[in-house]
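Please open the model in the viewer and keep the selection tool at hand.

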Amino acid sequence: MYKNLADEELVELAVREDPDAFGEIVRRWERKIFALCFGMLTREDEARDATQETFIAAYRNLGKFRGDAKVSSWLHRIAVNQCLTVKRRAKTRSEDFLDDETGETDRVFVAPANYSPGNEAEQTERLRVVRQAVGSLPVDLRQVIVMKEFEEMTFQEISDTLELPLSTVKSRVYTALKQLRMKLERLPVEVV
Amino acid sequence: MAKETNNLCAHGGDMLAYLYDEMATAERDGFELHLADCAGCIDEFAELSQSRYPVYEWKQIEFEPLATPTIVLPAASVALFDKVRAAFSFSPGYSFAAAGFAAILFAVAVGYTVFLQESPDRDSIAVVENNGPVPQATPQRIAAPEPVAAVNKRDDIVVKPKPAVAERQIEPVKAFERKPKSAPSKETQPAKRDVSVPVMSRLDNEEDDSLRLADMFDDLDTSR
């Protein structure tokens with residue numbers, strides 16, 4: 001029912017008569033907002049909390065949404081503000097400094113709370129799509145993405161290893177991420 | 001990078017550094033303040049994050065659980081030459097230390113050799129001790145020399161015996177005393193006197209020669 005509606009129509013519907021329409025917005029943008037929060041916070045537990053806070057704040061401020069911007073931009077702005085709030089709180093809490101020093105919780109990959117076999121199948125398919133998308137990248141772009149994401153090398157380390165200028169390395173990573181986004185949007189995630 | 005997105009502001013170049021947390025604290029705080037107010041940078045950052053997270057998820061789910069493979073190298077048969085070469089192969093540090101120690105030993109040996117050569121007393125003493133006692137300048141009693149007559153012929157060399165070196169060394173220096181010489185006679189030829197050279201040390205040879213020459217000239221002068 002809601003799948004064929006645009007984001008702006010869903011928001012208008014949710015404001016006027018059907019709050020459940022906002023659920024479709026959450027389903028469409030939950031993962032992307034989570035990725036944005038993870039990109040800012042680099043910690044999955046904090047990213048999940050920030051994602052939840054983002055949609056709670058968006059739901060409470062549905063009436064303030066003006067149609068002059070896209071829903072995605074509106075949600076992005078709310079998510080960024082939530083992440084900045086989390087970061088400000090983290091600076092004032094002493095226990096967060098201890099966690100940062102040990103770094104033991106930074107690399108823990110927490111399974112989603114709503115884990116189910118259906119979600120597992122969706123995850124498997126999603127991973128297949130990602131593998132295919134990365135494999136279809138040009139060699140020079142795939143190389144820097146693998147070095148950045150799998151080997152966790154810094155831009156300077158990649159520049160020294162490949163004997164390329166630093167600006168060239170950053171440009172290749174940027175281009176690779178852009179092409180990955182286009183490929184991931186084009187490749188359908190088929191869940192059997 | 002700036003060409004692909006037209007909605008990026010001047011801070012667009014910091015996007016990747018912020019995304020991968022490779023910014024200094026002060027720079028990160030400044031970028032976050034800008035990010036909160038720049039819609040273009042927010043959307044751009046969101047797109048990059050949404051592209052990056054699936055790759056990160058793929059790595060976490062499929063790569064991280066994999067155990068690191070243990071590399072097992074096959075046992076290779078080492079040739080005899082390789083074994084010998086391995087026995088004499090030293091680390092560069094050890095080689096430098098050995099070369100330095102050898103250089104120090106060589107310098108000590110050269111220095112000791114030079115030191116030995118520059119010690120003549122020891123050598124002379126050693127030589128003298130081997131060859132015999134050194135003549136000492138001790139006063140000795142010597143018989144008074146016989147007067148010497150002038151010589152007409154130049155072939156005859158008149159040698160005036162000199163007192164012993166020891167006496168001259170110990171006794172105060174005296175002016176040379178010329179003894180009166182008898183006038184030469186035409187009838188008689190001066191007899192050749194035996195040249196008796198007093199025993200002297202080597203050091204006075206030159207001095208003694210000059211005096212002999214002086215005496216000879218004096219004798220010639222007086223004879224004219």
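The stops below begin with the contact between two chains and end inside one of them.

This is a predicted model, in which local features need pLDDT of at least 70 and side-chain atom pairs count only at pLDDT 80 or more, while totals for chains, interfaces and linings use all residues. Residues are numbered from 1 along each chain as its sequence is written, chains are lettered from A and ligands numbered from 1 in the order in which they are written, and side-chain values use heavy atoms, with hydrogens and water left out.

**First stop: chains A and B**

Select both chains. Here 40 residues of chain B are in contact with 43 residues of chain A (contact means heavy atoms within 4.5 Å). About 4,300 Å² is buried between the two chains, and carbon and sulfur atoms give 61% of this area. Buried area is the accessible area (1.4 Å probe) that two parts lose on being put together, summed over both. Now highlight Gln50(B), Tyr53(B) and Trp58(B): within chain B they lose the most area to chain A, together 17% of what that side buries.

**Second stop: a salt bridge**

Select Arg181(A) and Glu47(B), whose side chains meet in a salt bridge (3.9 Å, N to O). The term denotes a side-chain nitrogen of Lys or Arg within 4 Å of a carboxyl oxygen of Asp or Glu. Between chain B and chain A the count is 10 salt bridges.

**Third stop: two helices across the interface**

Select α4 (residues 71-92) of chain A and α3 (residues 39-63) of chain B. Helices are DSSP runs (H or I, at least four residues), numbered from the N terminus. These two pack at an angle of about 85°, with axes 9 Å apart. Axes are lines fitted to C-alpha atoms over the stretch in contact, and angles run from 0 to 180 degrees between N-to-C directions. α4(A) is therefore roughly perpendicular to α3(B) (65 to 115 degrees). To see the contact, display Ser73(A), His76(A), Arg77(A) and Val80(A) against Ala39(B), Ile42(B), Asp43(B), Ala46(B) and Gln50(B).

Select α7 (residues 139-149) and α9 (residues 166-186) of chain A, which pack at about 100° with their axes 9 Å apart. These helices, α7(A) and α9(A), are therefore roughly perpendicular to each other. From α7(A), Asp140(A), Leu141(A), Val144(A) and Ile145(A) meet residues of α9(A), including Arg172(A), Val173(A) and Leu177(A).

Terms used:
Parallel < 35°, antiparallel > 145°, perpendicular 65-115°, else oblique.
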